[in-house]
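Please open the model in your viewer and keep the sequence panel beside it.

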Amino acid sequence: MYKEEGEQIKAALSSCYRNGLIHKESKVILFGSGDYSRAIIGFLRKDGIEVVQILDNDQRKRGSYLKGIPVFFPAELTKS
């Protein structure tokens, strides 16, 4: 991931914090299990925010883990 993209992710997350969309008690579900999600997980963990699930349309990724977080097919979305 390029430095500029990382800065854009940080800026977007900062905006979410300022607007109250994400806070310490948040449990986050991400869509996609690629480089962007990997970076987002890292930034959120630094702030003590938990990512509980990752959704991905790629059936081959179903049942795998990204940074210890389970990857599900979207139809399998569950409450955690």
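Throughout this tour, buried means under 20% relative accessible area, exposed means over 50%, and partly exposed covers what is in between, with a 1.4 Å probe and protein chains only. Helices (H or I, at least four residues) and strands (E, at least two) are DSSP runs, numbered from the N terminus. This is a predicted model, in which local features need pLDDT of at least 70 and side-chain atom pairs count only at pLDDT 80 or more, while totals for chains, interfaces and linings use all residues. Residues are numbered from 1 along each chain as its sequence is written, and side-chain values use heavy atoms, with hydrogens and water left out.

**The sheet**

Begin by selecting β2 (50-55), a strand that is mostly covered, since five of its six residues are buried.

Look next at the two neighbours of β2. On one side, β1 and β2 pair in the parallel sense over five bridges, and there Leu-30 stands opposite Ile-54 in β2. Two bridges join β2 to β4, and these strands also run parallel; the bridge partner of Ile-54 in β4 is Val-71.

**The helix on the sheet**

Which residues of α2 are buried? Colour Ser-37, Ala-39, Ile-40, Ile-41, Gly-42, Phe-43 and Leu-44 to see them. What covers the buried residues of α2 includes α1, β1, β2, β3 and β4, contact here meaning heavy atoms within 4.5 Å. Just after this helix, stop at Gly-48, which takes a positive phi of about 75°.

**The nonpolar core**

A nonpolar core is a set of buried Ala, Val, Leu, Ile, Met, Phe, Trp, Tyr and Cys residues joined through side-chain atoms within 4.5 Å. The largest one has 16 residues, and those with the most contacts inside it are Leu-30, Ile-41, Leu-44, Val-51 and Ile-54. The elements that give two or more residues to this core are α1 (3-18), β1 (27-31), α2 (35-46), β2 (50-55) and β4 (69-72), and α2 gives the most, with five residues.

Centre the view on Leu-30, which touches Ser-37, Ile-40, Ile-41, Val-51, Gln-53, Ile-54 and Leu-55, not counting residues up to four places away in sequence.

**Two loops**

Go to Ser-26, in the loop between α1 and β1. Is this residue buried or exposed? Ser-26 is buried, with a relative accessible area of 11%, and, leaving aside its neighbours within four places in sequence, Ser-26 is in contact with Leu-21, Ile-49 and Glu-50.

Then select Arg-62, in the loop between β2 and β3 (65-66), which counts as partly exposed at 48% relative accessibility. Arg-62 and Phe-72 are ten residues apart in sequence and 5.0 Å apart in space, C-alpha to C-alpha.

**The charged pairs**

Finally, display the charged side chains. A search of the whole structure finds four salt bridges, a salt bridge being a side-chain nitrogen of Lys or Arg within 4 Å of a carboxyl oxygen of Asp or Glu. One of them joins Lys-10 and Glu-7 (3.7 Å, N to O), which both lie in helix α1, three residues apart, about one turn of the helix. Another links Asp-56 with Lys-61, the closest N and O atoms being 3.9 Å apart; Asp-56 is buried at 10% relative accessible area, whereas Lys-61 counts as partly exposed at 30%. The side chains of Arg-60 and Asp-58 also meet in a salt bridge (2.9 Å, N to O), and Arg-60 is exposed, with a relative accessible area of 73%.

Technical notes: Pairing = 2+ DSSP bridges.
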